[in-house]
Amino acid sequence: MPSFQPASHFAPFDGTPEDCDACARGDRLGFQFDFAYQPIVDVARREVFAREALVRGPGGEPAGQVLAQVNEDNRYRFDQSCRVKAIKRAAELGLTERLSINFLPNAIYRPEICIRTTLEAARTHGVALERIIFEVTEGERVEDGPWFAAILREYKRVGFLTAIDDFGAGYAGLKLLADFQPDIVKLDMDLIRGLDADRARRRIVDHLVRLGADLGITVIAEGVETVAERDALRDLGITLMQGYLFARPVMGAVGAIDWAGG
């Protein structure tokens, strides 16, 4: 098992602002990438709850083209670069909402270094720690579940929010919630698709909402594309949503929200 230090034992960040700039540029990766930002909206308050940083190519190429260049040799550097660049870009765009960043748990060999680099980027660009959400997909295979849960607990302890993305579609499911209770669970779009006309999906989502309430976990529905899905989710008590119904990911600008849903 990799060594793991509590947050209180972290050494001071030993890098420099130039190191953060190198991460943001993608130095030593051998390829470039950028981010598009998609809002997570609160339909009850009609406000943006957070914006998720979604990796793209420098010319807007799909995430798959970027991720195809990630391998065992550059995975750690890519993960670090994503964190720094997502924070830097959000600051440049003047985003004031929470910022959701995806991370690769299998890229974390030294958690204390990962967190220190992120802390330095947040300090450099004036982003409060409580505004940063770290998302990990449930579908990410993690060989050491307890170690993974320990990483998430330390992120939470330092002051970041934590989220499990694509919940209901991956390998861990309820076992992951037994090991660690994140701040947020994002329900996979396959559970959301057509749930207004699908009794089984509605019942599953209803139970997940109640489970989240029992465990103190905020539930977000992702992949919302129709007004009927939105209304069915509201009836089930979900008001935080993400999807094309409201806004698509946008690079280099803050996109408008379609509150009417088309």
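**Questions on a predicted single-chain model**

Me: Among contacts in the chain between residues at least 6 apart in sequence, what percentage join residues at least 24 apart?
Reply: Contact here means heavy atoms within 4.5 Å. The model is predicted, so local features need pLDDT of at least 70 and side-chain atom pairs pLDDT of 80 or more, whereas totals for chains, interfaces and linings use all residues. Residues are numbered from 1 along each chain as its sequence is written, and side-chain values use heavy atoms, without hydrogens and water. Among contacts between residues at least 6 apart in sequence, the share joining residues at least 24 apart is 70%.

Me: How many helices and how many strands make up the secondary structure of the chain?
Reply: Helices (H or I, at least four residues) and strands (E, at least two) are DSSP runs, numbered from the N terminus. Of the 262 residues in the chain, 49% are buried, that is, under 20% relative accessible area with a 1.4 Å probe and protein chains only (exposed is over 50%, partly exposed in between). The secondary structure comes to nine helices and nine strands.

Me: Which element provides the largest share of the lining of the largest cavity?
Reply: A cavity is a set of points where a 1.4 Å probe fits but cannot get out. The lining of the largest cavity includes Phe167, Leu177, Val185, Leu187 and Leu208. Strand 6 (184–187) and helix 8 (199–215) are the elements that give two or more residues to this lining. The largest share, four residues, comes from helix 8.

Me: Is Asn74 buried or exposed?
Reply: Asn74 is located in the loop between helix 2 (63–67) and helix 3 (75–93). Beyond neighbours within four places in sequence, Asn74 is in contact with Leu29, Phe31 and Gln69. Because its relative accessible area is 8%, Asn74 is buried.

Me: Over which ring does the charged end of Lys85 sit?
Reply: A charge sits over a ring if NZ of Lys or CZ of Arg is within 6 Å of the ring centre and within 35 degrees of the ring normal. For Arg248, the charged end sits over the ring of Tyr244, 3.9 Å from the centre of that ring. For Lys85, the charged end is 5.0 Å from the centre of the ring over which it sits, that of Phe33.

Me: Where is Arg46, a residue with positive phi, found?
Reply: Most residues other than glycine have a negative phi. Asp166, in strand 5, has a positive phi of about 55 degrees although it is not a glycine. Arg46, also not a glycine, has a positive phi of about 55 degrees. Arg46 is found in the loop between strand 1 and strand 2.

Terms used:
On a 1 Å grid over the protein atoms alone, a cavity is a set of points where a 1.4 Å probe fits but cannot get out, and a pocket is an open set with protein on both sides within 12 Å along at least five of seven lines; lining residues have an atom within 4 Å of a point.
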